[in-house]
Amino acid sequence: MVRQGIDVITVPELQSFGEGDPSQLVRATDMGRVFCTHDSDLVELASQGIKHSGIVLGQQDKHFIGTWVKFLQKMTEDYRPDEMVNMVVYVKILG
């Protein structure tokens, strides 16, 4: 999904179910795409210094598709693609 210059991807779009988290993060990064996920293990990898194009983390039991869409739209107003590099952003429910 490309929104105003920030290109995001999810595991289903990567077609990488069953691959390890490091491999998925590397693939998204090689593609220059921000990784949207519910998997907090990716944040742990980022905290260990693994370079990435950005991670957006949501909670599976709280953040449904409408929340994600609204948040990503707002995020593109706040950040440029180059600002997302090595950044972790947490999905928030917008009022």
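Predicted model: local features only at pLDDT ≥ 70, side-chain atom pairs only at ≥ 80, totals over all residues.
## Helix H2 and its buried face

In helix H2, which spans residues 21–30, the buried residues are Asp 21, Gln 24, Leu 25 and Ala 28. Viewed down the axis of H2, these buried residues fall within an arc of 95°, so they line one face of the helix.

After H2 comes Gly 32, which has a positive phi, near 75°.

## Gln 24

Gln 24 is found in helix H2. Is Gln 24 buried or exposed? Gln 24 has a relative accessible area of 5%; because the cut-off for a buried residue is under 20%, Gln 24 counts as buried.

Which residues does Gln 24 touch, once its neighbours within four places in sequence are left aside? Gln 24 is then in contact with Val 11, Leu 14, Ser 16, Phe 17, Glu 19 and Phe 35.

## Salt bridges

How many salt bridges does a search of the whole structure find? The search finds 4.

One of them joins Asp 7 and Arg 33, whose closest N and O atoms are 2.9 Å apart. Asp 7 belongs to strand E2 and Arg 33 to the loop between H2 and E3, so the pair ties together parts that are 26 residues apart in sequence. Asp 7 is partly exposed, at a relative accessible area of 23%, whereas Arg 33 is buried, at 14%.

## Charged residues of helix H4 and beyond

A salt bridge also forms between the side chains of Lys 74 and Asp 78, with an N to O distance of 3.1 Å. Both residues lie in helix H4 (residues 65–78), where they are 4 residues apart, about one turn of the helix. Lys 74 is partly exposed at 34% relative accessibility, and Asp 78 is partly exposed with a relative accessible area of 43%.

Arg 80 and Asp 82 meet through their side chains in a salt bridge of 3.1 Å, N to O. Arg 80 is partly exposed, with a relative accessible area of 47%, and Asp 82 counts as partly exposed at 49% relative accessibility.

## The largest pocket

The largest pocket holds about 270 Å³ of space. It is lined by 18 residues, and those closest to its centre are Thr 10, Cys 36, Thr 37, His 38 and Trp 68. Elements H1, H2, E3 and H4 each give two or more residues to the lining.

Which element provides the largest share of the lining of the largest pocket? H4 does, with 4 residues.

Gln 73 is found in helix H4 and is partly exposed, with a relative accessible area of 36%. Gln 73 and Ile 6 are 67 residues apart in sequence, while their C-alpha atoms are 9.7 Å apart in space.

Most residues other than glycine have a negative phi. Asn 86 is not a glycine, yet its phi is positive, at about 60°. Asn 86 sits in the loop between helix H5 (81–84) and strand E5 (88–90). At 37% relative accessibility, Asn 86 counts as partly exposed.

## Confidence of the model

The chain has a mean pLDDT of 88, and 94% of its residues reach 70 or more. Where in the chain is confidence lowest, and where is it highest? Confidence is lowest in strand E1 (residues 2–3), with a mean of 48, and highest in E4, at 96.

Key. Residues numbered from 1 in each chain as written. Heavy atoms only, no water. Buried < 20%, exposed > 50% of the residue type's maximum accessible area, 1.4 Å probe, protein only. Arc of directions from axis to C-beta. pLDDT = per-residue confidence, 0-100. 1 Å grid on protein atoms, 1.4 Å probe; cavity = no way out; pocket = protein on both sides within 12 Å on 5 of 7 lines; lining within 4 Å. Points joined across faces, edges and corners; volume = space filled by probe spheres on them. Contact = heavy atoms within 4.5 Å.
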